[in-house]
Amino acid sequence: MARRAIPLLKQLFTSPSSNLTPIRSVTYMPRPGDGAPRAVTLIQGDGIGPLVTGAVEQVMEAMHAPVYFERYEVHGDMNRVPQEVIDSIKKNKVCLKGGLATPMGGGVSSLNVQLRRELDLYASLVNCFNLPGLPTRHANVDIVVIRENTEGEYSGLEHEVVPGVVESLKVITKFCSERIAKYAFEYAYLNNRKKVTAVHKANIMKLADGLFLESCREVATKYPGIKYSEIIVDNCCMQLVSKPEQFDVMVTPNLYGNLVANTAAGIAGGTGVMPGGNVGADHAVFEQGASAGNVGNEKQLKQKRANPVALLLSSAMMLRHLQFPSFADRLETAVKRVILDGKYRTKDLGGTSTTQEVVDAVIATLD
């Protein structure tokens, strides 16, 4: 949603003369067979994962959306993502995923990182924007964080040199830096975005982050209609919390992107409402945009009060990816109406509703 569209959206949702039905745009003309139901791999995940993925299933069924789910149980304490799950995603090309817990320390590697590498999901996208009706400290926030997903500090190349001394390698390659920069500029171009900002620490990591910056600069020359800027990551964090509206599309190496996306999500309304996904040349995995809190806690699980909004909006992104735009619009509009109404909100948004109450409200609001 472009920044300039926010006031118009508020007017549309609040005008007494409006029946809350947007004026239909020029029609989408599907190709023959585009309405055939699509299989989507569903990873329920850990903690609140089954609760929020179940919410998506209910809403999809109520909309009669042309998708059906192949469910798999995957948990963060497994040594590997089961091969049958990888095969399912490779077959279906699309996956919806609940959060997977990553054990701290020990010898178990992150299954999230395994998935990204196995499927070459090199671009992570998190959309952080103000939702009408949800009060936040800053207005006019509409940031898209695009993060390189396969290398950097997440390469997993660590070893103990001598007892008490551990070496961890940060790997940056021109190939991966160029393709994430191309994806960021292509995204900006296709979504009528005006600026791409590269986040770095090249003043200290002159070779590694220097290579990332060099790649971004080369790609920027091919998109003269899009403004390009650079910002050091520490200054970026300060600017995010003081003046976030200055940012549009941000492109980052792996670790910085995780920090920036979670910070931007917190500024725009919380990690429980920000959608996101991971995409490569052949596959896409959609999940809660910001990783903080994506598996919830015992209290949320016991009381069944997890916020399903982030994954519902991520599933709207998934529907657009599958070329079902009207279903995506219906879902997104219903979720935003429920947020605007303010009657049904989970605790993280200042309410007391259960997950099921929010789901029921979304279903009741569907056009």
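Local features need pLDDT of at least 70 and side-chain atom pairs count only at pLDDT 80 or more, while totals for chains, interfaces and linings use all residues.

**View 1. Confidence along the protein.** The average pLDDT, which is the predictor's confidence in each residue from 0 to 100, is 91 for the protein, and 92% of the residues score at least 70. Over residues 1–18, however, the pLDDT is below 50, and this stretch has 29 contacts (heavy atoms within 4.5 Å) beyond near neighbours in sequence. Where pLDDT is low, the predicted coordinates should not be read in detail.

**View 2. Helices α2 and α12.** The axes (lines fitted to C-alpha atoms over the stretch in contact, with angles from 0 to 180 degrees between N-to-C directions) of helix α2, residues 49–63, and helix α12, residues 355–365, come within 10 Å and cross at roughly 20°. Helices here are DSSP runs of H or I with at least four residues, and strands are runs of E with at least two, numbered from the N terminus. Leu51, Ala55, Gln58, Val59 and Ala62 in α2 meet Thr355, Gln356, Val359, Val362 and Ile363 in α12.

View 3. Lys97 forms a salt bridge (a side-chain nitrogen of Lys or Arg within 4 Å of a carboxyl oxygen of Asp or Glu) with Glu287, and their closest N and O atoms are 2.8 Å apart. Because Lys97 lies in strand β3 (residues 94–97) and Glu287 in strand β12 (residues 284–288), the pair ties together parts that are 190 residues apart in sequence.

How values were computed:
Residues are numbered from 1 along each chain as its sequence is written. Side-chain values use heavy atoms; hydrogens and water are left out.
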